Amino acid sequence: MTYQLFHEPNYMIVESNFGDEFTDLGKVKIDLSGFDVFFFDGIALSSKSILTSKSSQEVIANESLTSLANSNGEWAAAGIRNGSKYNEFLFFTDRFGYSPLFYSIIDQSKVVISNSFHGVIAGLSTLSVRCTLNVEHYAALVSSNTPTFQNTHSHNTMAKEVKMLPAQNALLIGPSGGRLIDRDLIGKVNEIGSYEDALNLGIQHSIDTLRVVSCMPELSRRITLTGGVDSRLCASLIAASGELSKFSVSTIDPRTWGSEVGKQTLTKDIVVSNSIRENYKLSWWHMVPRKQVSQSFMESLGCFQSYRSNLAFTFRPVSVHTRFEEPVLTIRGGGGEVIRTDSTIEKMASDYEAISASGSTDTLKESIWYAERQLQGSVLQGSLRERVLDSITNDFPIDYGSSFLERISKLYLDYRYRGHFGHQRQSTSANDLIMHPLSNPYFLKASKMIDYEELSRGKMVRDIFEKTTPEMLGLPFITEQWTELLSAGSDGPIDYESKNWKESLDSAPTRSAVKYSEGFAPEDRGEESSFDIHQSSIEFLKFAFARLENLIDEESSVLLASLHHSVLSRVESKKFIDGYAVAKAASALDVFYPQCMTGKSMTLTCIPRHADLAQESQLPNVVVNLPAFPQDGYHNLVLKGFVISLVRGTKGLTATVIPAGYSGPPVDFAYYLYCGSERITVKWYTSEDTMSFEFETPPKTGTYRVDAFMRTRSDEVLVHRASSNRIQVN
């Protein structure tokens, strides 16, 4: 299995005759025969094979469109159909959209497409297009700490010019422009005639795929088990495949948890998972050896943003990147909400129904009530709040389904789950291959072919258990609701006070020593062994907020300045999660200065310019753009543009920039002098790579450092930021 730290922002520019938007064909059937796959990026787990970003072009080209379309995983792909007069291109992702496709239509003649937000911005920059901030979208996200706004809540992005392809659509581009088509046409899932057929196909697909991954001898296999429904369903599918004996059980040790409430839930989880483990004679998972790479706050953010910018915002800064020395396969229950319902939205629907039934004068239209509910806890005020409310209201699927619960379930499927479960590509940077067996197109199809009330009462969950490993229903679930719905617990109640799991878990090596990879310890990379996460987050937010306010129109700048003040106050008081706010601000800055601009590009045309382009199976050539600055070869880790050294002399402090691999256009530097967390002095951008801060008497006693910023001189693009060593001044 191959892996990398940073995701490359590759992009394609397709030339055709576009309007302002793509034509949406809805469920209209389209002939998709004759397409050859020429581009693939991500991880696809099918019933026959595993594709990764490092698979050869020959392997990718031999993959059938139907097989790929129905694969589990997190991936994006493109196909070409060559004709005698013109070419057609087909762009699509995994059925759940865990890997996004971003796009932007330019001058009705070109579209830039990428599975990275950075990639689209990079492509637009080559066309001299400068994007503008989508103020309403950004404000909705950054103003709130609620789960809804921890992931994208719309097909819009922080850039007005860039949108995200809906997971239920594929994009077909021909000489007359682009058309949004039914994604299920590619895998022919739309042709399935009954719930029973879809369910059986989903079960068989999961079993076949699990057998494929179980045949990979180099993988350390584990299944994460809890006391809930989804992970046990995965165990049931593995058991039905006949491969359960090849897996070990992984779960969270409640003794490592801080809060008492969390500890109680995790204790129930481990008691149940231990009972399943004992029933099937499985072992606890043995942690494999691990290695680390030191990274700065900005590198940690850059790694996260390269995969998740404008999709998910659950960034947790870390000073090291840890990976398994041996490849690991982890089976998780991600996507289980599709085959049942989400307790969060059940509660929301129940609250709305209670208000509606009361006949209260406060009863609102569903869309307005939903929008108001989502902004509970938001710091938005005034006209900006009204604008955000309008945007959320307009996105509400008022004509979908027959109930409010169905409609908000669709919103969660379309948006929240994409970001929440879309972390498989990034997990491979830790040498961990994640598989969500429940996230397959057949199960999704089956969930739409039964009455939604039956779905919410567990019919589909119960049917999968009964068709795979029904004896797994013998144990109860940790919630009485699901134990009752699934008629589970025939083996009797579970003693949640049992300590039987402790001795066996303690005898398993669930921890392993972690060493730095050679040449990647903090001292090798000019970094401290750790950084203050909270303080670093606040410093970044101050920098990002000020920069954003300078990049937009004056009226919006005033509105955002007030909003930024409120957000920063809540982050400083730890009422907002600092890393999440950082990722939202970083995603907005990516509109103007994306952190990763080092990918490859393709230019595709629907009308061949030369006769040889019309030959059958002729695939596009790849034009490689050189990176803006070099990479060190360690799984695509971007080299620092510089390190900065701070020394004390007789007249004060001197900061010196030391190049570390940068080779690009001319740059300028800015310098911030800090004492503790207080910024003392600012030296604005200059070509000088040495800056002196002179004083006979120190302005104050404390620990000093300098933060330096490097940007390109011609277009003022921020290339890198670094912090110096600390010096104590008395």
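**Close-up views of a predicted model**

**View 1. Two packed helices, α10 and α11.** M348, D351, Y352 and I355 of α10 meet E366, W369, Y370, R373 and Q374 of α11; contact means heavy atoms within 4.5 Å. This is a predicted model, in which local features need pLDDT of at least 70 and side-chain atom pairs count only at pLDDT 80 or more, while totals for chains, interfaces and linings use all residues. Residues are numbered from 1 along each chain as its sequence is written, and side-chain values use heavy atoms, with hydrogens and water left out. Helices (H or I, at least four residues) and strands (E, at least two) are DSSP runs, numbered from the N terminus. Two packed helices are described by the angle between their axes and the distance between the axes. For α10 (residues 343-358) and α11 (residues 366-374), the angle is about 125° and the axes are 12 Å apart. Axes are lines fitted to C-alpha atoms, for helices over the stretch in contact, and angles run from 0 to 180 degrees between N-to-C directions. The two helices are therefore oblique to each other; angles under 35 degrees count as roughly parallel, over 145 as roughly antiparallel, 65 to 115 as roughly perpendicular and the rest as oblique. The crossing of α10 past α11 is right-handed; a crossing is left-handed if the near helix is turned anticlockwise from the far one by less than a right angle, and right-handed if clockwise.

**View 2. Strand β16 and its two partners.** In β16 (residues 328-331), V328 and T330 point one way, L329 and I331 point the other way, and all are buried (buried is under 20% relative accessible area, exposed over 50%, partly exposed in between, with a 1.4 Å probe and protein chains only). Strand β12 (residues 220-224) runs parallel to β16 and is joined to it by 4 bridges; two strands pair if DSSP finds at least two bridges between them. S220 has V328 as its bridge partner in β16. Strand β17 (residues 432-435) also pairs with β16 in the parallel sense, over 4 bridges, and here V328 is partnered by D432.

**View 3. Strand β19 beside β1.** Of the 5 residues in β19 (residues 601-605), 4 are buried. Strand β1 (residues 11-15) runs parallel to β19, and 5 bridges join them. One of the bridge pairs is E15 with T605.

**View 4. The largest nonpolar core.** This core has 145 residues, and L133, Y138, M460 and F540 have the most contacts inside it. A nonpolar core is a set of buried Ala, Val, Leu, Ile, Met, Phe, Trp, Tyr and Cys residues joined through side-chain atoms within 4.5 Å. A second, separate core has 23 residues, including F38, A76, I173 and L604.

**View 5. P441 in helix α15.** P441 lies in α15 (residues 441-447) and is buried, at 3% relative accessible area. Leaving aside neighbours within four places in sequence, P441 is in contact with A69, N70, R95, F96 and V189. P441 and N72 are 369 residues apart in sequence and 8.1 Å apart in space, C-alpha to C-alpha.

**View 6. Two loop residues with positive phi.** D107, which is not glycine, has a positive phi near 55°. D107 sits in the loop between β7 (102-106) and β8 (110-114) and is exposed, with a relative accessible area of 69%. K281 likewise has a phi near 55°. K281 is in the loop between α8 (260-279) and β14 (290-294) and is exposed at 75% relative accessibility.
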